[in-house]
Amino acid sequence: MTAATAPATRSLATTTPTDRFTRAFAAHLRSETRLILREAAALIFGAVLPLAAIIVMSAIPAAREPLADFGGLSVVRTYQPTILLFATSVLGLTIVPAILGGYRQAGILRRLRTTPASPATLLAALFVVVAAVGLVVAALIVAIPAIAGAGLPEHLGWFALAAVLSLVAFLALGTLLAAVVPSPQVAAGLGNVVAALMWFSAGLWLPRVFFPDWLVTLTDLTPGGAATQAMIDAAVGVQPSWQPFVVLVVWTAAAALVAVRTFRWE
Amino acid sequence: MALITVSGLTKSYGTHQVLHGIDLTVDEGEIVGVLGPNGSGKTTAVECIGGLRARDGGTVDIAGMDPATDPLALREMLGMQLQQCRLPNRMRVGEALDLYSAFYANPRPAGELLDRFGLAAHARQPFGKLSGGQQQRLSIALALIGRPRIAFLDELTTGLDPAARREIWEYLGLLRDEGVTMLLVTHFMEEAAFLCDRVVILEDGRIVASGTPADIAAGTGGQETSFAADPAIDLDALRRLPGVTSVSVDRGRVSVRGDADSPQVVLAALAGSGIVARQLRVTTPSLDDAYLSLTQEGSLR
């Protein structure tokens with residue numbers, strides 16, 4: 001069939017719901033990509049800051065040397081999981097509730113309800129865009145020290161799995177915050193508090209190797225602690241245990257379930 | 001043929017009942033205005049009819065569909081412009097039109113709407129940098145981009161200057177000629193009188209009047225014929241004339257209210273008695289007058 005023989009107007013009967021979803025989703029995807037790239041504040045904490053940290057550390061020769069205190073890892077490789085977790089937690093826990101809550105507050109989701117495209121299409125596009133930013137940042141956080149000569153995590157696959165699961169868990173938790181807290185400012189503020197707890201669990205202020213046992217056990221139950229532990233194990237070449245992955249999946253499932261049940265378009 | 005049929009529509013927010021059983025039909029191609037004071041339930045009524053708010057009771061039928069079930073075909077044919085609805089501040093005008101046109105099977109070209117709504121020069125401007133009037137025009141353009149058969153426009157020209165308002169009326173007039181059915185919520189009697197085939201006046205969640213703007217205007221006392229008082233005039237004889245509803249004397253002038261033919265009847269009666277009506281004035285009540293007398297806004301509170 002050629003364009004010339006097609007009727008001038010596409011009728012409803014000839015466009016399937018899937019076609020229509022795909023068109024609307026693609027349009028939202030383009031739009032959300034443009035918007036997030038224009039939203040400098042969103043990217044400074046979630047992308048620029050962690051990348052700057054990993055670049056600076058990778059540039060310092062002493063930070064690339066293995067240290068016995070850190071279980072044979074260099075400073076940059078020790079902090080690599082923490083910095084990665086910092087990026088995914090900021091994107092998921094503060095950027096998502098700020099954007100989502102802002103859209104709801106401005107009536108954007110409500111306005112979309114009056115169109116043939118469900119506001120869920122916008123949410124899907126937003127998740128994809130934020131997740132894509134998170135994946136690019138995570139990939140750079142792994143690649144930059146490697147390029148600088150500090151090496152790659154020993155079990156790269158397990159490391160990547162833990163990184164991706166942390167990103168997904170934080171997206172779900174960020175959506176949960178947007179669902180249960182009406183104000184986008186308050187939701188993003190709470191997201192910051194939760195993110196700070198995740199950074200602590202991930203060993204931002206005190207590396208996890210120095211944690212007492214009880215604190216390891218406690219933080220292992222948080223998505224931040226679980227993901228970091230799995231990434232640290234993968235980094236030194238220890239086969240990560242199944243527990244951190246279960247912790248991440250449970251957090252993701254629980255947050256997503258409650259978010260889907262409580263989220264309102266207006 | 002009725003395209004929209006609403007019957008017994010009720011809605012409460014908590015214990016406060018906002019709509020007390022609204023009945024309304026809108027024929028295909030008709031433009032119906034919903035008037036009423038703030039808080040009378042206009043927006044709630046239109047949003048319940050459009051399926052954006054859940055109604056408590058009654059039925060709504062739009063082209064055979066119930067909006068409460070949110071059928072895709074209805075969203076395709078019904079364009080809604082809502083009050084207080086923004087776009088992301090960094091989204092540009094042209095991008096917004098492109099985005100929304102991707103939702104519809106057969107959208108209007110964005111260029112046509114940019115021209116029509118005076119936004120062509122602002123296509124690259126972000127939403128947050130537009131003036132209130134420009135944002136409003138973009139909002140109407142987005143409601144019309146899907147070539148809707150039916151458009152619900154809530155306070156469409158609020159915040160616009162008179163020239164922009166006229167241009168939008170003109171464009172809606174063109175859409176009416178194309179057969180687009182419209183439900184307009186408005187505060188402006190002039191807008192209702194200019195655009196609407198029929199208006200309904202809401203007061204406290206009830207329809208207190210409905211009809212053509214001219215009928216409604218005439219309905220509250222009709223024509224008023226007034227002239228200088230003269231002792232020779234027999235007021236009781238005037239009161240008995242067909243079509244006359246009231247006769248009063250105030251500050252040296254006689255005022256006779258009556259139906260559309262009453263001025264002729266009154267003048268003929270005066271002429272028959274050999275009286276010349278001096279300082280004659282015949283006034284047609286406006287929709288404004290009718291609105292004020294029908295709603296509490298007109299009563300002294």
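This is a predicted model: local features need pLDDT of at least 70, side-chain atom pairs count only at pLDDT 80 or more; totals for chains, interfaces and linings use all residues.
Residues are numbered from 1 along each chain as its sequence is written, while chains are lettered from A and ligands numbered from 1 in the order in which they are written.

Strand 10 (residues 223-228) and strand 13 of chain B pair in the antiparallel sense over three bridges. Pairing requires that DSSP find at least two bridges between two strands; strands (E, at least two residues) and helices (H or I, at least four) are DSSP runs numbered from the N terminus. Within this pair, B:Glu224 stands opposite B:Thr283 of strand 13.

Both strands belong to an open sheet of four strands in chain B, with the order 11-12-10-13 and antiparallel pairing. Strand 11 (244-250) and strand 13 (281-283) form its edges, each pairing on one side only. From one strand to the next, the twist averages 15°. Helix 10 (residues 262-272) of chain B lies across strands 10, 11, 12 (253-258) and 13, running at about 30° to strand 10. Axes are lines fitted to C-alpha atoms, for helices over the stretch in contact, and angles run from 0 to 180 degrees between N-to-C directions.

The contact between the chains takes 24 residues from chain A and 23 residues from chain B, contact being defined by C-beta atoms, placed from the backbone, that lie within 7 Å. Helix 1 (17-38) and helix 4 (108-113) of chain A each supply at least two residues of the side touching chain B. Helix 1 of chain A gives the most to that side, with eight residues.

Terms used
Two residues are in contact if their C-beta atoms, placed from the backbone, lie within 7 Å.
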